[in-house]
Amino acid sequence: MKRVQIIDRSLDAHFMREALALAAEGAALGEVPVGAVLVQDGEIIGRGFNCPISTSDPSAHAEMVAIRVAALAVDNYRLPGSTLYVTLEPCSMCAGLIVHSRIQRVVYGATEPKAGVAISRGEFFSQAFLNHRVLVEGGVLAEECGAVLSEFFRARRQAR
């Protein structure tokens, strides 16, 4: 049976703030501050922040971590009816995982002009060859999400 998600936009900022808190956890460990939460039926079932440096895992992006945690939590590699909230526009690796996981909706904060594939470097989620359609909404708390990243990289440059 296909799950139908009711979109309550008033919750988007709430869940994005949860993702921002996770981004701060990653920043405290020296990781690029990106956070993600996966929500299903109004509950967070997966949380993650960027941790490729600390885990020596190039795939350990915030989205990947949150999706892995969620899949284990529900004991299913498919996550229909779920929404992924992430502080930064997904890259191609994460976009592929989002489609394969059958996530229904992605809500992101800041755009990623260098590698984002929702709108910045292409519109991956609208490609005709995909066998699953993902609803995408960007710009939720974009200024806050962008400021966290800007401050992180500013501090890193000053420390050199």
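1. A residue is called buried when its relative accessible area is under 20%, exposed when that value is over 50%, and partly exposed in between, with a 1.4 Å probe and protein chains only. By this criterion aspartate 75, at 71% relative accessibility, counts as exposed. Aspartate 75 lies in the loop between α3 and β3, and its phi is near 55°, a positive value in a residue other than glycine. Helices (H or I, at least four residues) and strands (E, at least two) are DSSP runs, numbered from the N terminus.

2. On provenance, the model is predicted, and local features therefore need pLDDT of at least 70 while side-chain atom pairs count only at pLDDT 80 or more, although totals for chains, interfaces and linings use all residues. Residues are numbered from 1 along each chain as its sequence is written, and side-chain values use heavy atoms, with hydrogens and water left out.

3. The sheet is open and has five strands in the order β2-β1-β3-β4-β5, with mixed pairing, where two strands pair if DSSP finds at least two bridges between them. Strands β2 (43–49) and β5 (135–137) stand at the edges and have a single partner strand each, so one side of each is left without a neighbour in the sheet. Neighbouring strands are turned by 15° against each other on average, direction ignored; axes here are lines fitted to C-alpha atoms, for helices over the stretch in contact, and angles run from 0 to 180 degrees between N-to-C directions.

4. Strand β1 (residues 35–40) pairs with β3 (residues 83–88) in the antiparallel sense over four bridges, and with β2 in the antiparallel sense over six bridges. On the β3 side, valine 39 has threonine 83 as its bridge partner, and valine 37 stands opposite tyrosine 85; in β2, the bridge partner of valine 37 is arginine 47. The hairpin of β1 and β2 has two residues between the strands, and aspartate 41 in this hairpin takes a positive phi near 55°.

5. Which residues cover the two faces of β1? Gly35, Val37 and Val39 lie on one side and Ala36, Leu38 and Gln40 on the other, and all are buried. Since six of the six residues of β1 are buried, this strand is largely enclosed by the rest of the structure.

6. For β3, too, six of the six residues are buried, so this strand is largely enclosed by the rest of the structure. Strand β3 pairs with β4 in the parallel sense over five bridges, and leucine 88 has alanine 110 as its bridge partner in β4.

7. In helix α4 (residues 92–100), the buried residues are Cys94, Ala95, Gly96, Ile98 and Val99. They pack against α3 (62–74), β3 and β4, contact meaning heavy atoms within 4.5 Å. Arginine 102, which follows α4, has a positive phi near 65°.

8. The largest pocket has a volume of about 460 Å³. On a 1 Å grid over the protein atoms alone, a pocket is an open set of points with protein on both sides within 12 Å along at least five of seven lines, whereas a cavity is a set where a 1.4 Å probe fits but cannot get out; lining residues have an atom within 4 Å of a point. Grid points are joined across faces, edges and corners, and a volume is the space filled by probe spheres set on the points.

9. Of the 20 residues that line the largest pocket, Val32, Val34, Leu88, Glu112 and Leu149 are the closest to its centre. Helix α5 (residues 142–159) gives the most to this lining, with four residues. The lining residues divide into 10 nonpolar, five polar and five charged, where Ala, Val, Leu, Ile, Met, Phe, Trp, Tyr, Cys and Pro count as nonpolar, Asp, Glu, Lys and Arg as charged, and the others, Gly among them, as polar.

10. Leucine 141 lies in the loop between β5 and α5, and its phi is near 55°, a positive value in a residue other than glycine. Arginine 160 is found in the segment after α5 and, at 76% relative accessibility, counts as exposed.
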